[in-house]
Amino acid sequence: MNGQSMIGVVLWTDHRAHRAVIWCEDHGDLAYYSAHDRSALEGAAFESGDLVEFEMTRDSDLRYAQNPRLVLSQEYEGLDRALSAQTKGAAKFRSNSQRAP
């Protein structure tokens, strides 16, 4: 099955299980990659912040990255930490706003 060509940023990797989560250029749902989806980078590991190009396919409600290849290494280094910090800040704000005056 041929997929739609997509560019994205690797947000999370698990090197032992050869998996990654990718934030897609269309800002839709995240795409999931696993080693059973053959890669053009056989044996190479992606890192958080890498810019990759891949074929996006859909199965049920999930998006999958197939045939990913590295475009630019560490193009968005630190993006995962910045998003995590924003999430923690938003959670703290919600928690504080729910307190009675």
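Leaving aside neighbours within four places in sequence, Ser48 is in contact (heavy atoms within 4.5 Å) with Val10, Leu11, Trp12, Thr13, Gln74 and Asp80. This is a predicted model, where local features need pLDDT of at least 70, side-chain atom pairs count only at pLDDT 80 or more, and totals for chains, interfaces and linings use all residues. Residues are numbered from 1 along each chain as its sequence is written, and side-chain values use heavy atoms, with hydrogens and water left out.

Ser48 sits in the loop between strand 3 (31–34) and strand 4 (51–59); strands here are DSSP runs of E, at least two residues, numbered from the N terminus. With 18% relative accessibility, Ser48 counts as buried, meaning under 20% relative accessible area with a 1.4 Å probe, protein chains only.

Now for the strands. Five of them close into a barrel, in the order 1-2-3-5-4, with mixed pairing. Two strands pair if DSSP finds at least two bridges between them. Strand 3 and strand 5 (residues 62–72) run parallel over two bridges, and Ala31 has Arg63 as its bridge partner in strand 5.

Arg63 is buried too, at 3% relative accessibility. Leaving out residues up to four places away in sequence, Arg63 touches several residues, including Met6, Cys24, Tyr32 and Met56.

Here are some polar distances; a polar contact is a pair of N or O atoms within 3.5 Å, one able to donate a hydrogen and the other to accept it, and residues adjacent in sequence count only if both atoms are side-chain atoms.

| Side chain | Partner | Distance |
|---|---|---|
| Arg63 | Asp26 side chain | 2.6 Å |

Notes
Helix = DSSP H or I, 4+ residues; strand = E, 2+ residues; numbered from the N terminus. Buried < 20%, exposed > 50% of the residue type's maximum accessible area, 1.4 Å probe, protein only.
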